[in-house]
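User: I've got a model to go through before group meeting. Can you walk me through it?
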Amino acid sequence: MKVLLFGGAGYIGTHVSLAFLDRKDTVGIFDNLSSGLRSNVDSRCLFFEGDILDKERVREVLSQGWDAVIHLAAFKAAGESMIKPFKYSENNITGSLNLITECVKAGIKNFILSSSAAVYGEPAYLPVDEDHPKHPTNYYGYTKLCIEENLRWYSELKDFNYVSLRYFNAAGYDNDGRMLGLEKNPANLIPVVMEVAAGIRPNLLVFGNDYDTADGTGVRDYVHVTDLAQGHVMAADYVMKNQENLVVNLGSEYGLSVQQIIDSAREITGKTIEVQYVERRPGDPAKLVASSQKAREVLGWKAEHSSVDSIIASTWKVYEANSVKAGSLQ
Ligand code: WQD
C-alpha cells in the first residue's frame, strides 16, 4: 500500500508511519514542521515539506498517486483552542477542507481522519460510544466535528470513503525507543508531567482538584500511541477492502485520574514532580472514558500497550534521555 500521511512528522504521525513501515508499505510524509520534527521521520519515508493551506503544494504531492491518505495535520491543544480560535479555524478547518477537497479532486478514494473524543464534550453517559451526542465543550473538539461532517457530505456526493478515528487521550512512546524527539511545547498532561520529571519545566499545574471524581482530579482514557497507530493500519485496510465509511472510538476503556498519573510517574521516574493545584481549565469535562467495542468488532482492534505503567515507562525513557541532568536537552 502507498499511504500519504499529512502531519506525519508529528508525535502521532511518526508512530503511524512506523506501523506501516513495519509491514513494508510505502509511506509518504507531508508536514510543515510547525510542531513535527524532521529528525523523527524514518529515513525509509518519502518526505514532502509543505502546508495544507498551500493548495498547489498539496495538489503536487497528491499527483504522485497514493492508495490512501491519512490526515493528522491538526493542532490539538484543547485549552489553547479556547484562547486562540483563529489558529484552530485556519488550520483545522480551512486547511483540512483544502486537503480533503484536493484529495477528492485527485481521485483519492480512501481517507482516514485523526479525530478526537473531544467531539463529544461533557459525557451524558459513560463509557462514551460513537452514538453519544456530539456537543463539544472546546473549540478544538468543534473543529474535528466540523471536518467529520464535511467528510460525510463529500462521501455522499463523490466517490470517496473515509474512516474517522476518535482518539481518546493519546500517550506513550514507541516501546522499541525508535522515537526520540520530544513534542515542542506540549500541553497534554503526560508530556507536561515528563518535562517536570526531566527538569525541563519547574512544576505541573493541576487544572482543578474539585471534580466529582474519586480524588477530585480529571479522569481520562489514556491510549498508547502504538495502539493508535495499529488502528490506522487496520482502518486503511478496512476502507480499501470495503469501500465503506466508518467512525470508531480508539480508547483503552480504562479511566485514570490526573493524580493517578502523577503518582505513577513519581514511582516510575523516582522524581519528586512538583505540583500546584489551580483553577479548572475552561472546557474540561470531569471524566471521559471510551467504549471501543465497535473498533474491536469491526476492525479487530484492541489496546494492547495501554497500561499506565507501559505508557509512563515508555514516555520516561524518551524524556530521561533528554533530561537536563543528561545534559542533552535539545
Ligand atoms: C488531560 C487531563 C486536564 C495538562 C486533549 C484534547 C485533544 C485530545 C486529547 C486528540 C485533564 C489535566 C492537563 C496540565 C492538567 N487528543 N491537565 N494540567 O484535555 O483530556 O484532551 O487530549 O485528539 O488533544 O482534547 O487532554 O492532556 O490536556 O488533559 O491538570 O498541564 O489533565 O485538566 O483533566 P484533554 P489533556
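Analyst: One definition to start: two strands pair if DSSP finds at least two bridges between them. Also, this is a predicted model.

User: OK. Which residue stands opposite Ile70 in strand 4?

Analyst: Leu5 does. Strand 1 (residues 2–6) and strand 4 run parallel, with four bridges pairing them.

User: And how many bridges join strand 4 to strand 5?

Analyst: Three, again in a parallel arrangement; strand 5 covers residues 110–116. There Ile70 stands opposite Ile112.

User: Are the faces of strand 4 covered or open?

Analyst: Both are covered. Ala68 and Ile70 are buried on one side, Val69 and His71 on the other.

User: Switching to domains. Where are the bounds?

Analyst: Domain 1 takes in 2–171 + 223–250, and domain 2 takes in 189–220 + 253–323. Their centres, taken over C-alpha atoms, are 23 Å apart. The contact draws on 30 residues from domain 1 and 28 residues from domain 2.

User: How is the size of an interface often given?

Analyst: As the accessible area lost when the parts come together. Here domain 1 and domain 2 bury about 2,300 Å² between them. Carbon and sulfur atoms carry 67% of that.

User: Which three residues supply 23% of the area that domain 1 buries against domain 2?

Analyst: His224, Asp227 and Met234.

User: How many salt bridges between the two domains?

Analyst: Zero between domain 1 and domain 2. Polar contacts are there, though: 10 residue pairs, both partners at pLDDT 80 or more.

User: Which elements give two or more residues to the domain 1 side?

Analyst: Strand 7, strand 9 (219–224), helix 7 (225–242) and strand 10 (246–250). Helix 7 has the largest share of that side, with seven residues.

User: Back to salt bridges. What's the count for the model?

Analyst: It comes to 19 salt bridges. Side chains of opposite charge can pair when their charged atoms come close.

User: What links up with Asp174?

Analyst: Asp22, Asp174 and Arg178 form a network of salt bridges. The closest N and O atoms of Asp174 and Arg178 are 3.1 Å apart.

User: Is Asp174 buried or exposed?

Analyst: Buried, because its relative accessibility is 6%. Arg178 is at 36%, so Arg178 counts as partly exposed.

User: What about Arg281 and Asp284?

Analyst: Their side chains meet in a salt bridge too, 3.0 Å from N to O. Arg281 is partly exposed at 26%. Asp284 counts as buried, at 18%.

User: Last one. Where is Asn185?

Analyst: In the loop between strand 7 (169–171) and helix 6 (189–197). Asn185 is exposed, with a relative accessible area of 72%.

User: How far is Asn185 from Glu195?

Analyst: Their C-alpha atoms are 9.7 Å apart. Along the chain, Asn185 and Glu195 are 10 residues apart.

Definitions and conventions: Residues are numbered from 1 along each chain as its sequence is written. This is a predicted model: local features need pLDDT of at least 70, side-chain atom pairs count only at pLDDT 80 or more; totals for chains, interfaces and linings use all residues. Side-chain values use heavy atoms; hydrogens and water are left out. Buried means under 20% relative accessible area, exposed over 50%, partly exposed in between (1.4 Å probe, protein chains only). A salt bridge is a side-chain nitrogen of Lys or Arg within 4 Å of a carboxyl oxygen of Asp or Glu. Domain bounds come from an automatic or database domain assignment. Contact means heavy atoms within 4.5 Å. Buried area is the accessible area (1.4 Å probe) that two parts lose on being put together, summed over both. A polar contact is a pair of N or O atoms within 3.5 Å; within protein, one must be able to donate a hydrogen and the other to accept it, and residues adjacent in sequence count only if both atoms are side-chain atoms.
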